[in-house]
Amino acid sequence: MSTALKIGVIIGYIAIISFIATYLGKGTKTFKDFAIGGSKIPWYIMGGTLFSTFCGGATMVAYVGNFYSQGLIWIWIPIQVVLVGVIYLFLYKKVFNLRQVSTADIMTLRYGEKTRLISTLVVMLAEDGMASAMLNTWTSMVTTYVGFSRPVALALGCILFFITAALGGYKGVATTDAIQGGIIMVGLTAGVIVFVSKAGGMGAIAAAAGPEKMNIFSTANGCSFITILGTFVSSFGMHMALQSGYVSRINSVATPRDAKRGIWMFIICQALGFGVFIPIIGLSGNVLLQNATIGDSVIGTMIDLYMPAVVALIYVAAIVSAVLTTANSSLLSASICVTNDIYAGMINKNATEKQKLLVSKLSIAVFILLALLLTTQFTTIISMMFVTYTINALIAIPLFAGLYGKKGGALAANLSLILGAASVIIWLLLGTPFGIHVAIVGLPMAGLGYLIGMAVGDKPTEAQLKAIADAGMKVSN
């Protein structure tokens, strides 16, 4: 396939998705509509956008490289993702009944206004880190497959992210995510069929990988137990508490029953896509590439060398879809933090809907620039994801301790986030001594902070406990 055709397809795909997002977002008049779609999206749109957000660009690029080079030990990560979905089948009613726009809103409801700012900053940092990882994924894909220079790829990514997130709003983001979720599944299916066929079947793939790579417990291929444990724990916390994940999706549908249906759809798609298709594609590289390339370049090389032109275009569209869905959800979520929790929550409590919409769209542009800066600080996509997962996972401790516990107050929540974030930053500055994953340090420190605050700080008020209890008592459809 010629470079000109590749470029034309990528630009055309960008144009189509941008048009759909912009068209769907043009009727947005209020901040609530912009942020969570006015709580009226169908359950299948919720399931599709949840799947495409969590089966993102890093999954389709970085994890393919991980399965290729280090084997099935990485299967614990999709297992964890599906496990979180199952857990939310028991949590969704309470999250729905709280009816809060942001994670910081839930924290404020439970712990009081003293926790809003710190909660917001942690969520913002995590969401922008996620957007930055997607920008890096996008860049890796189009430089490897299309041949763009890195600066050109970064510029195109920034433009694409802004159009879909800032002009589409939640309705545009959710709908295009659901469409692209379908494209992701078609692309992964096509990838499995083509690569398994080219590799000579599953038997040949297993033989080329060898018994160590086919062992879900083997650390013989350069992936340590502590890396997997840290990634599992941080990814678990991230998926539990990510604002642009379950919190926003559950609050964007009309009824709890719709939320449950959407979660089931997500579980099925994620188990198949991330848990089955991605490992097979990655392992097939052991036959097709024979250690000719590594890391984030694996999938681009396999596409270029082995996929028929038409199928390659489908798979590239799927990768673009995966990158875009995660990025625009994260950027929209980060802008909600600025608008809802900082601007309208603390600076201008009488802000009009027009003012809040403007702040949201401007903040998306700022977050894209920050994401661009972050791409210069990490050498690989997966290293960026490690840090992003951990930062977001920190908020899971005070969030769920508050939803299901009655002892911790504002000091406990704030100490948890401060000690957790500080330990992550210090551990990174020290160069992650002994190869210990930041999550192994950051999350225990966050837990310790909560326990200290619970022991010496003020207790929650009756009103705070009642607000959470009432959410659990409401009758759900």
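This is a predicted model: local features need pLDDT of at least 70, side-chain atom pairs count only at pLDDT 80 or more; totals for chains, interfaces and linings use all residues.
1. **Salt bridges overall.** The structure holds four salt bridges. Four residues, D105, E113, R116 and D341, are joined in a network of them. Start there when you look at the model.

2. **D105 and R116.** These two side chains form a salt bridge, with N and O 3.0 Å apart. D105 sits in helix α6 (residues 103-111) and R116 in helix α7 (residues 116-145), so the bridge ties together parts eleven residues apart in sequence. Both D105 and R116 are buried.

3. **D341 and R116.** R116 also forms a salt bridge with D341, and here the closest N and O atoms are 2.8 Å apart. This pair links distant parts of the chain: D341 belongs to helix α15 (residues 309-347), R116 to helix α7, and 225 residues separate them. Is D341 buried or exposed? D341 has 0% relative accessibility, so it counts as buried. R116 has 8% and is therefore buried as well, because the cut-off for buried is under 20%.

4. **K356 and E353.** This salt bridge has an N to O distance of 3.2 Å. Both residues lie in helix α16 (residues 353-374), three residues apart, or about one turn of the helix. An α-helix has 3.6 residues a turn, so residues three or four places apart point the same way. K356 counts as buried, at 14% relative accessibility. E353 is partly exposed, with a relative accessible area of 30%.

5. **Helix α20.** This helix covers residues 438-456, 19 residues in total. At 1.5 Å a residue it should span 27 Å, and its end C-alpha atoms are 27 Å apart, so the two values agree. The buried residues of α20 include V438, L443 and Y450.

6. **Length of helix α10.** How far apart are the end C-alpha atoms of α10? They are only 14 Å apart. A straight helix would reach 16 Å at 1.5 Å a residue, so α10, with twelve residues (202-213), falls short of that.

7. I205, A209, G210 and K213 are buried in α10. They cover an arc of only 125° around the axis, which puts them on the same side of the helix. The face turned away from that buried side carries the exposed residues G203, A207 and P211.

How values were computed. Residues are numbered from 1 along each chain as its sequence is written. Side-chain values use heavy atoms; hydrogens and water are left out. Helices (H or I, at least four residues) and strands (E, at least two) are DSSP runs, numbered from the N terminus. Buried means under 20% relative accessible area, exposed over 50%, partly exposed in between (1.4 Å probe, protein chains only). The expected span of a helix is 1.5 Å times one less than its number of residues. The arc is that of the directions from the helix axis to the C-beta atoms.
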